[in-house]
Amino acid sequence: QVQLVESGGGLVQAGDSLRLSCAASGLTFSNYAMGWFRQAPGKEREFVAASGRRTYYADSVKGRFTISRDNAKNTVYLQMNSLKPEDTAVYYCAAGSYGQRYSRSSNYDYWGQGTQVTVSS
């Protein structure tokens with residue numbers, strides 16, 4: 001079965017960096033667009049970034065976060081720089097079809113279990 005496993009979360013201070021990884025199995029990785037979403041306590045899940053035919057970012061992370069993928073390793077990454085307390089959330093990776101609206105979570109077929117990122121001020 002398809003599995004997406006996130007790692008790399010943790011507790012950091014404002015201004016620090018983290019790199020999240022999402023290892024995929026059970027699917028032909030290169031055939032899928034990959035996205036990162038996050039959900040803070042009491043808030044809805046929100047789009048962060050996607051790797052489709054090109055890369056896409058939420059305005060709140062543009063210039064600070066970078067999504068990349070290694071198809072040979074079936075892994076997608078999220079490099080997060082200049083972290084802010086408002087970036088605190090559980091971060092999820094997701095796999096979906098190319099050509100969809102990548103910012104819409106319902107367009108993704110598979111989801112990981114999430115990894116916690118906490119940014120202290």
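Close-up 1. Cys93 is buried, with a relative accessible area of 0%, where buried means under 20% relative accessible area, exposed over 50% and partly exposed in between (1.4 Å probe, protein chains only). Its partner Cys22 is likewise buried, at 0% relative accessibility, and the sulfur atoms of Cys22 and Cys93 lie 1.9 Å apart in a disulfide, a term used for a pair of cysteine sulfur atoms within 2.5 Å. The torsion about the S-S bond of Cys22 and Cys93 is about 45°, so the disulfide is right-handed. The pair links distant parts of the chain, with Cys22 in strand β3 (residues 18-25) and Cys93 in strand β9, 71 residues apart; helices (H or I, at least four residues) and strands (E, at least two) are DSSP runs, numbered from the N terminus. A search of the whole structure finds 1 disulfide. The model shown is predicted, so that local features need pLDDT of at least 70 and side-chain atom pairs count only at pLDDT 80 or more, while totals for chains, interfaces and linings use all residues. Residues are numbered from 1 along each chain as its sequence is written, and side-chain values use heavy atoms, with hydrogens and water left out.

**Close-up 2. Strand β5 and the strands that pair with it.** Strands β4 and β5 run antiparallel and are joined by 5 bridges, two strands being paired if DSSP finds at least two bridges between them. Arg38 has Glu46 in β5 as its bridge partner, and the hairpin of β4 and β5 has 6 residues between the strands, with Gly42 in the turn at a positive phi of about 75°. On to β6, β5 pairs in the antiparallel sense over 3 bridges, Ala49 stands opposite Tyr57 in β6, and the hairpin that joins β5 to β6 passes through 3 residues. Because 5 of the 6 residues of β5 are buried, the strand is largely enclosed by the rest of the structure.

**Close-up 3. Aromatic pairs.** The structure holds 6 aromatic pairs; rings of Phe, Tyr and Trp (its six-membered ring) pair if their centres lie within 6.5 Å, and planes under 30 degrees apart count as stacked, over 60 as edge-to-face and the rest as tilted. One of them is the edge-to-face pair of Phe37 and Phe47, 5.7 Å centre to centre with 75° between the planes. Phe37 lies in strand β4 (residues 33-39) and Phe47 in strand β5 (residues 46-51), so the pair ties together parts that are 10 residues apart in sequence. Phe37 is buried at a relative accessible area of 0%, and Phe47 is buried at 13%. Another pair, Tyr56 and Tyr102, is tilted, at 5.0 Å centre to centre and 50° between the planes. Tyr56 lies in strand β6 (residues 55-57) and Tyr102 in the loop between β9 (89-96) and β10 (108-111), so this pair ties together parts that are 46 residues apart in sequence. Tyr56 counts as partly exposed, at 25% relative accessibility, whereas Tyr102 is buried, at 7%.

**Close-up 4. Arginines over aromatic rings.** Arg53 lies over the face of Tyr98, 4.0 Å from the ring centre, and the charged end of Arg69 sits over the ring of Phe29, 4.5 Å from its centre. A charge sits over a ring if NZ of Lys or CZ of Arg is within 6 Å of the ring centre and within 35 degrees of the ring normal.
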